[in-house]
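I set out to record, entry by entry, what I looked up in this model. The entries follow the order in which I consulted the coordinates.

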Amino acid sequence: MYPQGSKNYQINFSGLGCWLTVLAVVWLLSAIGLGWIVKSIAFIVVLILATPVLAYLGFRWWLKRNLIEGNCPVCETQLAGLKNAPTVCPNCRTQLQVTPQGFVRFTPEGTVEVNAVDVTAGDRSGDAVDVSVEVLPPVDDER
Ligand SMILES: [Zn+2]
């Protein structure tokens, strides 16, 4: 007749009961040769815990390889972009192509880059002016 003591014993047991059940299940599974289930569950738990870390590291590695930083060739604004992806300069709205070497102006099919030399300036003829000439596709006359 120790009501106080029996109550304490019950509380302690219910607190340990959860872990005792887990241990009992683990022991039972390994005892009947199903230890691989425990190992698989442990493996899955480790995998779930490790996946975000690996994904983060992988993403950083990928970003380091693919993120190109450079200046806009037109207005010299500092830009960052993904390799081989087209982008638009937020400052001068120029269409740009990201290359491993940096940013270059995006030239659509049919654009001829011309390096024009200003010959009217006399002895300053060495200065080159970049001129972009777009060759338009022939217009189809549908009649
Ligand atoms: Zn720009």
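Entry 1, hairpin. I noted that S4 and S5 are joined by a hairpin through two residues. I took strands (E, at least two residues) and helices (H or I, at least four) as DSSP runs, numbered from the N terminus. The model is predicted: local features need pLDDT of at least 70, side-chain atom pairs count only at pLDDT 80 or more, and totals for chains, interfaces and linings use all residues. Residues are numbered from 1 along each chain as its sequence is written.

Entry 2, sheet. I found four bridges between strand S4 (residues 95-99) and S5, which run antiparallel. Two strands pair if DSSP finds at least two bridges between them. Within these strands, I recorded phenylalanine 103 of S5 as the bridge partner of valine 98. I then traced an open sheet of three strands, ordered S3-S4-S5, with antiparallel pairing. Strand S3 (86-88) and strand S5 (102-105) each have a single partner strand and stand at the edges, so one side of each lacks a neighbour in the sheet. I noted an average twist of 40° from one strand to the next, where axes are lines fitted to C-alpha atoms and angles run from 0 to 180 degrees between N-to-C directions.

I listed the members of the largest nonpolar core: Cys72, Leu79, Cys89, Leu96, Val98 and Phe103, six residues. Such a core is a set of buried Ala, Val, Leu, Ile, Met, Phe, Trp, Tyr and Cys residues joined through C-beta atoms within 7 Å. A residue is buried if 20 or more other C-beta atoms lie within 10 Å of its own, exposed if 12 or fewer, and partly exposed in between, with C-beta atoms placed from the backbone. Leucine 79 touches Gly70, Asn71, Cys72, Cys89 and Phe103, residues up to four places away in sequence not being counted; contact requires C-beta atoms, placed from the backbone, within 7 Å.

I looked up helix H2 (residues 35-66), in which the count of buried residues among its 32 residues is zero. H2 bends by about 35° at alanine 50, and proline 52 follows within four residues; the bend is the angle between axes fitted to the seven residues ending there and the seven starting there.

I found phi near 65° at glutamate 76, which lies in the loop between strand S1 (67-71) and strand S2 (78-82). Glutamate 76 is exposed, with 12 other C-beta atoms within 10 Å. Asparagine 84 has phi near 60° and sits in the loop between S2 and S3.

How values were computed. Contact = placed C-beta atoms within 7 Å.
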